[in-house]
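Here is a briefing on the model shown below.

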Amino acid sequence: MDLLQPSNIIYVNGKKTIISNVDHDITVLDLIRTNLKLSGTKEGCAEGDCGACSILLHDGLNSELKPVNSCLVRVGQVVGKGIVTIEGVGNDIAPHPIQTAFSEENASQCGYCTPGFIISGISLFNSNKKINDDTINDAISGNLCRCTGYSPIIKAIKVASKLRKPLKTIKFLEHNKDIKLGNVTYYNPKNLEEMLKLTAHENYNFLAGGTDLNLRRPIVNEKKNVIICLDSIVELKINKITNDNLIIGSCVSIEGFLEIVKNKIPQLVEILQRFGSPQIRNQGTIGGNISTSSPIGDLAPVLLALNSKINLFGHNGDTSVLLRDFYLGYRKNILKKDQIIRSIEIPLPNGGYKFFCWKLSKRYDQDISTISLSIYLKTKNNIIEDIHIAAGGVAEIPKYLESLCKIMTGKTIEVSILTAINQIDKFVQPISDLRGTSNYRIESLKGLFKRLEKCLKENSNTMSIMDFKDE
Amino acid sequence: MNKMILHDSSIRHATGQAIYIDDMPAQENLLHGALVLSKNAYGKLKKINSSKLLKLPFYSKIITAKDIPGENDIGPIKKGEPILAEDMITYYGQPVAVVLAKTYQEALYASSMVDVEVEVIADPILTLDDAYQKKSFLIDPIILEKGSVEIEMKNSECKLSDNFEIGGQDHFYLETHVALTFPGENEEFTVWSSSQHPTEVQHGVSNVLNIPAAKIESKVRRLGGGFGGKESQATIFAAISALSAFVTKQPVKIRLNRHEDMTATGKRHNFKVYYNVGFSKNGKLNGLDLILLSNGGNVLDLSGPVMTRALTHLDNCYYLKSIKAKGYVCKTNTVSNTAFRGFGGPQGMLVIENILYNISKYLSKPLDEIRKVNYYSKVNGLTTPYGQNVSKPRINKVLRQLHKLSNYSGRIKSVKSFNLKQIHQGYPFRKGLAMMPAKFGISFNKPSFNQAGALVNVYSDGSIRLNHGGTEMGQGLFIKVAQVVAECFKVPVDQIHITSTNTAEVPNTSATAASSGSDLNGMAAWNAADQIKKRMISHIAQLFKKSKSDIIFYNGRIRAGKNSMSFSELAHSCWDNRISLSSTGFYKTPKIHWNQDKLYGHPYFYFTWGAALSEALIDINTGESRIIRADIIQDCGKSLNENIDIGQIEGGFIQGLGWLTCEELVFASNGKLLTTGPSTYKLPGSRDIPRKFNVKLLEKADNDEKTIFRSKAVGEPPLLLAISYFLAIKEAIRASGLNARPELLNAPATPSEILKSIKG
Ligand SMILES: Cc1cc2nc3c(=O)[nH]c(=O)nc-3n(C[C@H](O)[C@H](O)[C@H](O)COP(=O)(O)OP(=O)(O)OC[C@H]3O[C@@H](n4cnc5c(N)ncnc54)[C@H](O)[C@@H]3O)c2cc1C
Ligand code: FES
Ligand code: FES
């Protein structure tokens, strides 16, 4: 498939902007700072973790403004779309109320993080969420401030929320989103058939949200490279919800997934809310998360415990496989070069079952798991009748712990859990790394089994210091 | 004075209009640089192979130490601190070369094409114990000694000996190191850098280029955070950018990305502490025998004074009868550690607080009871181990106000009953509550650093331009000093135009550090403004034939009897009558003296006081922890700006929490730092702050010393109040069960550490 007319239009702060003179496959952050000379957006880390580069992204059709990390989004991903930077929010002559509030509440000290926080605050105002401490913390969970200690920032957002002035966007429609940037060409197939044709290219990568792949891409491409964006493929965004099954398109964002499962599997809410930050969740997809095959990805353990299936698509057509048969080794899976994940099929927790999923990390928000544990089980008369356990951070792959499940079945809760605790090191041999020692991983897994016992006894869903309500 | 005035740049911060160096419009011929970092921790630098650069489809140029026309040295205290490695590689990630290109991406890509050949000759030294065993030190040990520890130990009823580790901390200023140099005519160079010490940048560049300092203009408008990390280390990158500009005759920008910044710049010193302590049955300290190992890294940088400050702060609020503390600055093959908010003070205070805590556990007594018998007081004694008198300790005053703010006594009870209930019902949560009082010495330990200059220009339209040696890094220094000048002339503060720090306007400045920024520069600016004011008064007295004492400045006007005029009319009148409206100002801190060899003297102009109470909640199954509540009283004297001071306290405290809980630097066995970005190095996020956070300035505070408007410094002291939270975690661990051994807890108290101590 050839390029149509080389497209190069982005709507920047409401202005139709033609992108030219971009020689490399750069990030949107570099584009706005260097090429467009909009220097209000900052770079603090270039890896999606500090939020200084936050901007708002929209597709021109509806007014939804999604916060994203511009350091993780490549220019090729926003062609034909609209972006709003801090310059589009207000200036010292005509500031937006949230900017005034930040100024008046001493919410900036060095000021480097400030534009990013304001973008996150605005995206909260633009959403339909209630505004309280919890939603504010959630909205800024992807932003770091080293100076203020956050209190005045939270206060400023609260003060500005009294007016809650949303940001208006313009409407537009751009059909062509393909673009060539230096040696890299971005294609945006609209359906699976078009996508398959594109796999005829020699050197190509699939790209969904890019929150993983964009961190691993070369800074300069000396050779030709093709990026096949999955974002516009209609089939990958189709969801089917029945009474006992959820089928979710692989290109559904983590945030979108959160919305869908909120009522169906409420136990997932905490894990999903702690998944990265709003910026990451809006951009990252569930297909991307599973494909990375990271041993500490957050979706795999919960999906494994629920016995999920994944549906694949490629030259050989549609196939399907149990998720537990998907992973081969460290960041390796069974996908062929031309194959993609089409959707994920999650059996909904059965009435008689209980479901728990827990994540331990150094920091509560926006942190990769040190360890995670998901347990799906059925008890009757204090006997564990059926149990499915999966864990992250214990091996090279996210692991369904089949043998452990076996020895825990058919025993009383107490005996079963005691067995698990006493024998856990037979089933997992975690390593020591920068997120925690192997000893910690083992000991905290034991701790989580103790938590399980208490939860079953108390008939409660979780038992975390975060939910802990005092006074 | 309006004590609630806002930071001068706040609206521009919020709109993205505040300009940082990387935001400055690029010139047509600007070159960007990216560093080539070593991939060995120790060895001989054999060859830098840049042949692959020639094959690249774009322009690139490599600069190495060989291009240096002057000395390859920017050591702030001791010589021998290169900007680019020359013969030896001494840590993993050391800058070896810089590659220039027309765009940043090209420079970064090209820099990855350069191979560095290193001949490995010995294993690198990576741990403090290893360095200590091999006697690998950067300087002779610094020893604080008072009384006879041996005798006191012998006579003590109780003894404890143990060791613990205190982790380092990356500054993680949101703006990474950046410098931009413009070459001019006749060997002039203008260097913009994100530095807390523009004068050191000027001299470093002058030394590297072998060009007189007078030709180097070093400028700083603002830093996107500094925290000490840009005190000495900014000079390295400023000098590399200046060298590149010198070689290419083009403007050059060096901006480190986060990974490079965390790899190649120093951090807070990690410490290991061995102690023997002798004490009475009621916890009174008799003898303290300490070995402090600090990780200086590959070169000295500021590690000497950091150790000195650690040693002169480990008394905290306690009278020490006898002490022998040997401070070894270890030479290791890790990046050279540097200043970080508190400058060794927090480590020193953690040492004593930890020891007192461990004593309290040993004696099964509340920590506060142990403290009480040891506080500086007329009865116990008022002399610090380094000879300075704590003439009027404010411990009681601070604690009284803290008790009131926090309902301390009530909370002790409720925490106790909470824990009982948890144990009784088999729940996994425990709480801990701990207080901590703090005293912090204000002044640079080296007397010569305690000086400052300022330049005030009044223009004939009455507008006022202010310049001084201090740098603005978010701490609100510029607005505080502007307030001082506004107060002198009694004009609104927005009549003062604040300008970039510039060595061409005010020379020979000190680093903006040691919390001293407003003390020093505020006084210097007052001195400058006051000279102009005096000239104005003489002129007006003559003009209206009044005595000088009749001239009154008020509300942007001046009055002499019945005559009155606006400040701008006054300025115009002075100009008309050929009165100079420009003045420099100067200040040096009085009273201080210091003998570094004996560690004896009066190093601190005054002390600030503070106290905090923190409440921790932990999960004994998982080692997770939360800070439930913190209450703080901090002594700011007569605060110049309460908004700014509260901000410093809150921010400093949270930064301290990070240091002691989630911020963990992890090195691989080859010396490579593994935590080089926020994905792996976790600083506190917004949910990690206390759910209830009460911060108050000490009421009825003053400063006995004549500081600017009797205010007190505030930058560093609040950080170490976070030690209260570390102690609160220890308390919670202590409540977790009989096996628990809170004394095993090292800092930072990560979930791994906490769980380990719970298991004993
Ligand atoms: C700051 C930050 C925080 C993060 N936090 C978390 C976290 O808390 N928990 C967690 O689990 N992860 C986290 N991640 C990792 C990452 O965001 C997720 O894995 C995300 O879901 C990846 O999705 P994506 O669409 O962005 O993937 P992409 O980067 O687009 O793709 C990742 C890989 O998968 C391939 N791929 C993508 N979609 C498909 C498909 N449908 N079929 C086949 N292959 C495909 C791509 O070719 C690529 O190789 C974080 C990442 C960052 C940068
Ligand atoms: S720069 Fe830190 S998230 Fe993008
Ligand atoms: S104000 Fe400096 S990082 Fe937030």
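Helices (H or I, at least four residues) and strands (E, at least two) are DSSP runs, numbered from the N terminus. Two strands pair if DSSP finds at least two bridges between them. The model is predicted: local features need pLDDT of at least 70, side-chain atom pairs count only at pLDDT 80 or more, and totals for chains, interfaces and linings use all residues. Residues are numbered from 1 along each chain as its sequence is written, while chains are lettered from A and ligands numbered from 1 in the order in which they are written.

**Hairpin in chain A**

- Strand 1 (residues 9–12) and strand 2 (residues 15–18) of chain A run antiparallel and are joined by four bridges.
- Ile10(A) has Thr17(A), in strand 2 of chain A, as its bridge partner.
- Two residues lie between the strands of this hairpin, and Asn13(A) takes a positive phi near 50 degrees.

**Sheets in chain B**

- Strands of a sheet pair through backbone hydrogen bonds, either parallel or antiparallel.
- An open sheet of three strands in chain B has the order 4-2-6, with antiparallel pairing.
- Strand 4 (88–89) and strand 6 (115–119) of chain B are at the edges; each has a single partner strand, so one side of each has no neighbour in the sheet.
- Five bridges link strand 2 (residues 43–49) of chain B with strand 6 of chain B in the antiparallel sense.
- Opposite Lys47(B) stands Glu117(B), in strand 6 of chain B.
- Strand 28 (residues 625–634) and strand 29 (residues 692–697) of chain B run parallel, joined by six bridges.
- Ile633(B) has Lys696(B) as its bridge partner in strand 29 of chain B.
- Together with helix 16 (residues 642–660) of chain B, strand 28 and strand 29 of chain B make a right-handed β-α-β unit. Right-handed means that, with the strands pointing away from the viewer, the path from the first strand over the helix to the second runs clockwise.

**Asn694(B)**

- Asn694(B) lies in strand 29 of chain B.
- Asn694(B) counts as partly exposed because it has 15 C-beta neighbours inside 10 Å. The cut-offs are 20 or more other C-beta atoms within 10 Å for buried, 12 or fewer for exposed, and partly exposed in between, with C-beta atoms placed from the backbone.
- Not counting residues up to four places away in sequence, Asn694(B) touches Leu405(B), Asp631(B) and Ile632(B). Contact requires C-beta atoms, placed from the backbone, within 7 Å.
- Gly517(B) is 177 residues from Asn694(B) in sequence and 26 Å away in space, C-alpha to C-alpha.

**Ligand 1**

- Ligand 1 lies between chains A and B.
- 34 residues surround ligand 1, the closest being Ala208(A), Gly209(A), Gly287(A), Gly288(A) and Asn289(A). A residue is near a molecule if its C-beta atom, placed from the backbone, lies within 6 Å of it.
- Strand 8 (204–207), helix 10 (278–283), helix 11 (286–292) and strand 16 (340–347) of chain A each give two or more residues to the shell.
- Helix 11 of chain A gives the largest share, five residues.
- The shell has 13 nonpolar, 17 polar and four charged residues. Ala, Val, Leu, Ile, Met, Phe, Trp, Tyr, Cys and Pro count as nonpolar, Asp, Glu, Lys and Arg as charged, and the others, Gly among them, as polar.

**Contact between chains A and B**

- Chain B and chain A put 70 residues each into the contact.
- On the chain B side, helix 1 (10–15), helix 2 (104–111), strand 27 (606–619), strand 28, helix 16 and helix 19 (751–759) each supply at least two residues.
- Helix 16 of chain B has the largest share of that side, seven residues.
- By class, the chain B side divides into 28 nonpolar, 29 polar and 13 charged residues.

**Helix 8 of chain B**

- Helix 8 (residues 303–311) of chain B is mostly covered, with nine of its nine residues buried.
- Among the buried residues are Met307(B) and Arg309(B).
- The buried residues of helix 8 pack against strand 7 (142–146), strand 14 (285–297), strand 15 (322–331) and helix 9 (345–362) of chain B.

**Domains of chain B**

- The domain assignment gives domain 1 (10–122 + 171–264) and domain 2 (451–588) of chain B. Such bounds come from an automatic or database domain assignment.
- The C-alpha centres of domain 1 and domain 2 of chain B are 36 Å apart.
- Their contact takes 18 residues from domain 1 of chain B and 14 residues from domain 2 of chain B.

Notes
Contact = placed C-beta atoms within 7 Å.
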